[in-house]
Amino acid sequence: MKNFVFDRPIGKLIHGGDYNPEQWLDRPDILKADIEYMKKARINEATIGVFSWSVYEPREGEFHFEWLIDVMDRLYENGIYSIVATPSGARPAWMDLKYPEVMRTNGMGIRNRHGLRHNHCLSSEIYRNKVRLIDRKLAECAGSHPGLLMWHISNEYGGECYCDNCKNRFREYLKKRFGNDIEKLNHEWWTTFWSARYESFDEIEPPYENGQTAIMGLNLEWKRFTSWNFADFAKTEADTLRQYSSRDDIPVTTNLMKQFYDIDYRVLTAQMDTISWDSYPEFHNDRETYADTMLESAFDNALLRGLKRGRPFMLMESTPGVVNWMDYNKLRRPGVHMQFSLQAIASGSDTVQYFQFRKSRGAAEQFHGGVIGHDGTDGTRIFREVAATGEMLEELADVEGTVPVSKAAVLFDWDNWWAIDGSGGFAKTTRRYPQTCSEYWKKLLQLGVEADIISANDPFDGYSLIIAPMLFLLRDECARRIRDFVSRGGIILGTYMMGYINENCLCHLGGFPGAGLSEVFGIVSEEIDTLYPTDTNTVNITDERFRDSNWKVRDYAEVLKVGDADVIGVYTDDYYKGGAALTCKKYGSGAAYYQAARSAPDEMEGFLKTLLKDADIECADIPKGIEYHRRSDGDKVFEFYLNTSEGSITVGDTTLAPKESLVVARGDGAGETKKKYCFKYKS
Ligand SMILES: [Zn+2]
């Protein structure tokens, strides 16, 4: 059952983050002080070498890792692990000037100039060879070090390239995808319309911004190709590190970002051992409460954790103070960093890490927060809160290797996101696919149930309730698994926009939801109405079991033809007044619910509670204003109660002040409380 972030237990939670000592190699006094400050803040890990290429290899073929090994030695002597990064996120100038093809080409077909980061072509064999070589040298040099904990590949992969190398690689990818059969591609992309037929794969171009952007299948396949190309590139890096490290117990990760549109993270992370991601919520913004920002952050943790079910993840980057890239870079208020860090742990992270340990003196991240600021001391508020967080993580060492476990899942996947976004029709501003998924997940969390977030292609075993918001792109195979899931006793909630298209963006024929699901749900969706923000309608819940006030309808309302489903909610207005808006069909031993219009899950509490009860999922009784999480390994159980409200709240016999959190540790079975911890940063 236990599944560890580093493939083995290390007996502690990791507290650390990006450390860029190459900026200070001429200041040995600073490097010495850093180690002392790390120890004082109970930092036990440093991530080194992200973006260090121009120091690793200042001139072509001339490698310098002596500084890296020296830093790793000194960290290790002081009880601090190293995570070592490959430098492929940015390149030295000599490479771009000598080999221009390594630079990226934009969507208008124009090649970039040298500069910035993430500006490389992943199809360039020259670039791949350069990366392989430096990764090999790095592995040979650092891959035997006793302080090495993990390999960190590149940094926040993203973007896309439209160069000729990528175009040719895309064509080869398409040949494989369509069995080298251009007529199959023409059929699946419906190219006869608007005279878009291709006679051969050599005629296909990427969807340049000033070119062919009207074929939905092409646009979607280009996104998939780009993800595949990133994954293939990352695999090259991972394979090289694994091949040339003399230690074979070093796992590999790459750091991800929240709800990141460019790359299908499930494809990218297939080659990774552990999920890690960089979390920078916009705390104290002028649109929402602190509790709302925390809830969104909890959703992101669950989304990223869901990429490897049953395994803890890593909070690879965060800031204890401020970032430098938002529109408004507001300071985190006292106590926020500590509670945010505990939330990551509560959500399944075994690490709390920062970017970066010491603020840069100049260049791009000059004013991005760090543990040590430009004053160079440990006498700051930020440092004190980081140190208090380090103490908290030491107290919670036993949490390592446990995970949130759930019988409820919300479906979310990139294919569907891209397809909804890239389709014609509906409204341009209100599709809101990720937001819609997150609203269901957040409502379940508020009801005391932390659902998993999985893809429609993931196994459904172990779940008794699946919520499938806007499952627009529906593969035959997925439809079959949904049918099996329900017939064996599962409960599914499908919504408007379900099962409209297949994996190549062709509409399913014979009524939505397609691929046979209209039979499972007992309805056919005949039309979908797109509402203006000023349009109003409501759903009247007619079945007593699902006690709720009328649900307000927003954005989308489908008109259903009801077959053998029971109608449990009807529209109250418009020409479809009295028509079915919510249905249920018993199917096999389970039940398939269909929600035809968009309503806020916040208004659907009675309905959702009934679904949870029918699915035999216990709702923890959580006071309003408390964010609740639970981690377990089947033996130990940890319950986390975070007061994210503005007032004091009592949980059991403990009263929690704002931003105070309670952790209850139990042995399983007896339910006996073993230990309670309260955490609040006191400035
Ligand atoms: Zn390219």
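Are Arg91 and Asp96 buried or exposed? Arg91 is buried, as is Asp96, where buried means under 20% relative accessible area, exposed over 50%, and partly exposed in between (1.4 Å probe, protein chains only). The model is predicted, so local features need pLDDT of at least 70 and side-chain atom pairs count only at pLDDT 80 or more, while totals for chains, interfaces and linings use all residues. Residues are numbered from 1 along each chain as its sequence is written, and side-chain values use heavy atoms, with hydrogens and water left out.

The count of salt bridges is 50, a salt bridge being a side-chain nitrogen of Lys or Arg within 4 Å of a carboxyl oxygen of Asp or Glu.

| Salt bridge | N to O distance |
|---|---|
| Arg91 and Asp96 | 2.6 Å |
| Arg169 and Asp232 | 2.6 Å |
| Arg547 and Glu544 | 4.0 Å |

Arg169 lies in helix α6 (residues 164-177) and Asp232 in helix α8 (residues 216-244), so this pair ties together parts 63 residues apart in sequence. Helices are DSSP runs of H or I with at least four residues, and strands are runs of E with at least two, numbered from the N terminus. Asp232 is partly exposed, at 23% relative accessible area. Arg547 counts as exposed at 64% relative accessibility, and Glu544 counts as exposed at 62%.

Glu450 sits in the loop between α14 and β11 (452-454). With 9% relative accessibility, Glu450 counts as buried. Its side chain makes polar contacts (N or O atoms within 3.5 Å, one able to donate a hydrogen and the other to accept it; residues adjacent in sequence count only if both atoms are side-chain atoms) with the side chains of Arg305 at 3.2 Å and His629 at 2.7 Å.
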